[in-house]
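Subject: Structure for your review

Hello,

Here is the structure I said I would pass on.

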Amino acid sequence: MWDLGKWTFSNRSNIPRIAGKPFWNMICMDYDLVENYIRDMLQKIDQAFAELATK
C-alpha cells in the first residue's frame, strides 16, 4: 500500500485512503493510460520551463 502521509481528515474517518493504481481502478480508469498521459504532460511542462529558464 502507498504511504499517503497525513491527510486533513482524522484516522477514524470512514473515508478510505487509496492512491495510485487502486484509486484509478476504483473510478474505472485505466491506470497505465493515465500514467502515460501524465508522464508525457510532466515532461512537456519540464521542457517548457527549461526553455524559459534559458531566455
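A residue counts as buried under 20% relative accessible area, as exposed over 50%, and as partly exposed in between. Glu 35, at 30% relative accessibility, is therefore partly exposed. Please keep in mind that this is a predicted model.

Salt bridges

There are two salt bridges in the structure. One of them joins the side chains of Glu 35 and Arg 39, with an N to O distance of 3.5 Å. Both Glu 35 and Arg 39 are in helix α2, and four residues, about one turn of the helix, separate them. Arg 39 has a relative accessible area of 40%, so Arg 39 is partly exposed.

The side chains of Asp 40 and Lys 44 also meet in a salt bridge, at 3.3 Å from N to O. Asp 40 and Lys 44 are likewise four residues apart in helix α2, about one turn of the helix. Asp 40 counts as partly exposed because its relative accessibility is 34%. Lys 44 has a relative accessible area of 52%, which means that Lys 44 is exposed.

Nonpolar patch

A nonpolar patch on the surface is formed by Ile 38, Met 41, Leu 42, Ile 45, Phe 49 and Leu 52. Together these residues have about 580 Å² of accessible area. Ile 45, one of the patch residues, is found in helix α2, which covers residues 31-53. With a relative accessible area of 38%, Ile 45 is partly exposed.

Regards

Note on methods
Residues numbered from 1 in each chain as written. Predicted model: local features only at pLDDT ≥ 70, side-chain atom pairs only at ≥ 80, totals over all residues. Heavy atoms only, no water. Patch = residues over 30% accessible without salt bridge, like charges linked within 9 Å, V, L, I, M, F, W, Y side chains within 5 Å. Areas by Shrake-Rupley, 256 points an atom, 1.4 Å probe, with all protein chains shown as cover. Salt bridge = Lys/Arg side-chain N within 4 Å of Asp/Glu carboxyl O. Helix = DSSP H or I, 4+ residues; strand = E, 2+ residues; numbered from the N terminus. Buried < 20%, exposed > 50% of the residue type's maximum accessible area, 1.4 Å probe, protein only.
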